[in-house]
Structure formats: C-alpha cells, structure tokens
Amino acid sequence: MGPDSAPDPTVPWRKVLWERQPFPDNYVDQRFLEELRRNEGLRHYHYWAVVKEAGFVGQQLSCVAIFITLWLYMEQGLLTPEMLLVTSLTCAVLGYGLHQALTSQVESGCEPRTHLADLQSATIFLSFTFGFSPVLKTLTESVSTDTVYAMSALMLLAHLVSFPYAQPSPPGSLSLNAALFASVCLASRLPGALHTFAMLSCALLVFALWPCLLQRLRDKAPSHFTGVCVGMCIGGVGGLSSQSLGGAVLLALALGSVTFLCPLLLVRLQRHKDNIQGPWDEAEIHEDLIHFLQ
C-alpha cells in the first residue's frame, strides 16, 4: 500500500520510529484499519430523560416572562410595591426553609453557612438596595424609553443564553449580571423609588435565589422538580396572557419547541452520528501523574 514505492515482502513492517526500515515514511500496511473504532464512548439519549432536563430551560424562560409580567402590572398600577414586597418576602422565607431542609440531607463536605450569616447578607443587600433606590430611579432619565427597552430585551436574552443550565447553583456571573442590569433598566421606568426597590428585590429572588433552590430540588427531589417546572411554565404563559395574548402564544410555542421538539431532534439525529477513532489520534495519558509532581 505504500504510495511512494512497493515494499519488500520479505521484511515485515513495524509501526516504530526508532528503527530504520526499507519503507517510505508514509507507508502503512493492510492492518492500518484494524484498529478503527466507531462511536467509542457514545452517550445514548432517551427522549423523556432529555425532555426532563430541557424543562430547566423552559422554566427559566418562564421566569423571565413572569418577571416581565410583574413589571407590567406595576407600571400600570395594578400591583402595589407593598404587595410585591410582602409576596417576595414570603416566598423568600418559604424557599429558604425548603432549601435548608434539602441541604440537611447533603453529605457534609464543607463548613455550612449559619442562619445568622444568611440573615446578615440579606439585610446588607436590602439596605443598600433601598438606600440607592432613588438613585437607580433617576439612572436612565436621560435615556429614551425605546433605548431602555431595547437594552433590557438584549440583556434578558443574554441572561437566557449564558445561564449555566447544567449547574445553575450559584448562577453564572454573566447571566446574573445581565438579568440585574435589565432589572435596573426596567425598574428605573417605574413611578417611584419604592417601586424600584420592590422590583430589584423581586429580580434578586427570581434570578439569583430561585435557581439555587431549583438545583437542590433537581438533585434531591426529581419528581417534585418536574412538577415545579411544569407549574412555572403554566404560570409564565398564564401571567403573560393577561397582558398580551400574542406574547403568551409565542411563549407557549417557544416552550413547546425547547421542551419537546429540540429533544426529539437530538434523539433522532443521534443515529446519524459517526465518530471514528484510531491510531492516528493524539495519545491520551490515562495514568495518574500526581506522583511525578511530588
């Protein structure tokens, strides 16, 4: 098979580089494809398992829709900031209790945070947010409303794209900062400073704390995790339908595509996957090299 010259049949070819042989450098024999391996280590996906994992994407999309719905209610005067604050505080306390109950079942590996430390962190954040609310309220006064809405939409899209769906606890810095930036832009268009404070507190609950609780549910209570994702999707579509029927239809189509259509395409395309491995690949070191560093 040598491309340059015919090999000598009396001398066997060996795949070594330290020995001079009567063969061209690019010579290979008939055994070249014997070590060919196809789809080695291929992961086979099951449709409903992929649908379950895609539920995290759908519920995060619904979280954004719920947040926008709450902002629309506050802008129209249908929801008071006091009501939003009380509701957010109640949900935060219930969610914290549930998170602590699920965390107690996790194997101990690091020093757990105390309740006093959590209370101090929450107090500091709420105090600073309340103190800077008048400043945040006037932050975008010199910017046109259309520009503010465009920036908010772009940042919320960046939040959805960069969100770490595989390990959302804690949320990624890029996704969280994008969501908070959009929240500040939208909150600055509300009537008063108390409205801004309530909206930012709700944004922290939705975009920072909720993913941590949902990740704990996915790890420790998978059956409840599925029900929560379904409930969030229904709540997002139902809430948005009270403000925009067309938006609710688009959200429902997006949720159906992400949750059911995309997993179906992934499973169907798996049969066409054809990866080949062989001796031409780069060498992989499987030994533990820690003892060489000691």
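Which residues are buried in α5? Ser175, Leu176, Ala178, Ala179, Ala182, Ser183, Val184, Cys185, Leu186 and Ala187 are, where buried means under 20% relative accessible area, exposed over 50%, and partly exposed in between (1.4 Å probe, protein chains only).

A quick word on the ground rules. This is a predicted model, with pLDDT of at least 70 needed for local features and 80 or more for side-chain atom pairs, while totals for chains, interfaces and linings use all residues. Residues are numbered from 1 along each chain as its sequence is written, and side-chain values use heavy atoms, with hydrogens and water left out.

**The overall picture**

The protein has nine helices and two strands, taken as DSSP runs numbered from the N terminus (helices are H or I with at least four residues, strands are E with at least two). Along the sequence, the pattern goes β-α-α-α-α-α-α-α-α-β-α. Of its 294 residues, 33% count as buried. Take the contacts (heavy atoms within 4.5 Å) with a separation of 6 or more: 76% of them link residues 24 or more positions apart. The protein exposes about 18500 Å², and carbon and sulfur atoms supply 65% of that; the areas come from the Shrake-Rupley method with a 1.4 Å probe, and for residues only the protein chains shown count as cover.

**Around α5**

Back to helix α5, which runs over residues 173-187. Its 15 residues reach 21 Å from first C-alpha to last, close to the 21 Å expected at 1.5 Å a residue (the expected span is 1.5 Å times one less than the number of residues). The cover over its buried residues includes α1 (47-75), α3 (115-137), α4 (145-162) and α6 (193-220).

Two phenylalanines tie into this region. Phenylalanine 163 sits in the loop between α4 and α5, and phenylalanine 207 is in helix α6. Leaving aside neighbours within four places in sequence, phenylalanine 163 is in contact with Phe56, Gln60, Pro168, Pro171, Ser175 and Pro211. With the same exclusion, phenylalanine 207 has contacts that include Gln60, Pro171, Leu176, Ala179 and Ser183. Phenylalanine 207 counts as buried because its relative accessible area is 0%.

| Residue | Relative accessible area | C-alpha separation |
|---|---|---|
| Phenylalanine 163 | 3%, buried | 10.0 Å to phenylalanine 207 |
| Phenylalanine 207 | 0%, buried | 9.2 Å to histidine 159 |
| Cysteine 233 | 17%, buried | 8.3 Å to alanine 252 |
| Proline 279 | 34%, partly exposed | 9.6 Å to arginine 37 |

Cysteine 233 belongs to helix α7 (residues 222-241). Not counting residues up to four places away in sequence, cysteine 233 touches Gly58, Gln59, Ser62 and Leu255.

Proline 279 is in the loop between β2 (276-277) and α9 (290-293). Residues up to four places away aside, proline 279 touches Lys15, Phe32 and Glu35. Arginine 37 is 242 residues from proline 279 in sequence.

Lys15 turns up again in the second largest pocket: among its 20 lining residues, Trp13, Arg14, Lys15, Val16 and Tyr27 lie nearest the centre. On a 1 Å grid over the protein atoms alone, a pocket is an open set of points where a 1.4 Å probe fits, with protein on both sides within 12 Å along at least five of seven lines, and lining residues have an atom within 4 Å of a point. The lining divides into 10 nonpolar, two polar and eight charged residues. Here Ala, Val, Leu, Ile, Met, Phe, Trp, Tyr, Cys and Pro count as nonpolar, Asp, Glu, Lys and Arg as charged, and the others, Gly among them, as polar.
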